[in-house]
Amino acid sequence: MLLLKPNSGVMKISPYLGGQSHIDGLSDVLKLSSNENPVGPSPQVVNAIASAASKVHRYPSRNHTTLRERIAELHGLNPDQVIIGVGSDEILTLLALAYADSGTEVVYPEHGFLLYPTIAHIVGAYPIEAKETERCVDISSILDSITPKTRLVYIANPANPSSTMLEEDVIAQLCDSLPTNCLLVLDGAYAEFVEGFDGGAGFVRKYENVVMTRTFSKIYGLGGLRVGWGYASASVIDVLNRIRGPFNMSNIALAGAEAAILDQVYVKKCRDINSQQRMRLCDGFRQLGIKCDKSYTNFVLARFNNKKTADFVNNFLKSQGIIVRDVKAYKMPEALRITVGTPDDNDRVLNSVKLALETTCQ
Ligand SMILES: *Cc1c(COP(=O)(O)O)cnc(C)c1O
């Protein structure tokens, strides 16, 4: 008999269910389930990755200086306070490994990103869910959920899957009220979709217990490359660097992200396409009687009258080769999260959803 047991939280983790990418028997599949960039990566990134390929016999940089400097220059940050990770997932996880050990508590919003409770379980901490109000993060419920055992608070702003966003002054209020032995993590995975938004960098500058995370997976179109970064006080960065694997980033990933930062023309183009198309998708849904909040991201959360209709539409779309994300795991069974695609993609989505609703009404 095997006496070996995993650590206490491990078996509480439900395996991550990513966005589906295949439908049996269909070849023309439109994947709108993982908030990927429908335009693809910048050609400059593809070239940089190709050039880096001939150097993979060398170990990569351990300190990621070039990428940190480019990120810092673009965003007006101190490069010494930037850390690069294997997706922002790695930064989010390192924070818990560093600060939330067994028996402590990790707070996140009710409809928050599923990685947050998973991370809590990895380190043996208790995941604590704070109620939201109308799919918006509720600061007073976050504060009410904090106890002397709380070490970390994760908030995505804008949020996934609700697509809503907190105002700057609300975050400021949270920062002011947060106990100083507790770290606030502002997950800015979708920050670039909000023109002029700093993702929370200003709060990191002002509060030593605030961290911002960012990613190349969304607007930069590099989900498959696995690059994210964090911005924090020098003391937090020092702590994270002690845990981080010295060679966590490959040559290829670094070269791609370094090139991506330099191509801001591409980022602006993607942001513009997304804003236009997001509005079209929302308006189209509303005309069909489907509710959706104003989105600050590259996806729209379509809310139907009930779970049955959402399930029907989801299956109908699948039969048409369109994959979207049901958000039951996020406690919103009546909703579907749909990534904003190209104009053609969105035509296809709107037509199919309309057809689905006509079919259910019969
Ligand atoms: C997509 C996403 C991320 C990004 O994860 P990566 O590991 O950088 O690919 C982080 N947080 C939220 C809320 C997301 O939706």
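Modeller: On a 1 Å grid over the protein atoms alone, a pocket is an open set of points with protein on both sides within 12 Å along at least five of seven lines. A molecule sits in a pocket if more than half of its atoms lie within 2 Å of its grid points. Here, the space taken by the ligand is the largest pocket.

Biologist: What kind of model is this?

Modeller: This is a predicted model: local features need pLDDT of at least 70, side-chain atom pairs count only at pLDDT 80 or more, and totals for chains, interfaces and linings use all residues. Residues are numbered from 1 along each chain as its sequence is written, and side-chain values use heavy atoms, without hydrogens and water.

Biologist: Which residues come nearest the ligand?

Modeller: Ser88, Asp187, Thr215, Ser217 and Lys218, out of the 13 residues around the ligand. Near means a heavy atom within 4 Å. Helix H3 (residues 87–99) gives the most to this shell, with three residues.

Biologist: Why is Thr215 called buried?

Modeller: Its relative accessible area is 3%. Buried means under 20%, exposed over 50%, partly exposed in between (1.4 Å probe, protein chains only). At 3%, Thr215 is therefore buried.

Biologist: Where does Thr215 lie, and what does it touch?

Modeller: Thr215 lies in strand S7 (residues 210–215). A strand is a DSSP run of E, at least two residues; a helix is a run of H or I, at least four. Beyond four places in sequence, the contacts of Thr215 include Ser88, Ala189 and Tyr220. Contact means heavy atoms within 4.5 Å. A polar side-chain atom of Thr215 also lies 2.9 Å from the backbone nitrogen of Ser217.

Biologist: Glu134 or Lys331: why is each one classed as it is?

Modeller: Glu134 has 59%, so it is exposed. Lys331 has 42%, so it counts as partly exposed.

Biologist: What is the phi of Glu134, and what is the phi of Lys331?

Modeller: Glu134 has a positive phi of about 50° although it is not a glycine. For Lys331, also not a glycine, phi is positive at about 65°.

How values were computed:
Polar contact = N/O pair within 3.5 Å; in protein donor to acceptor, adjacent residues only side chain to side chain. 1 Å grid on protein atoms, 1.4 Å probe; cavity = no way out; pocket = protein on both sides within 12 Å on 5 of 7 lines; lining within 4 Å.
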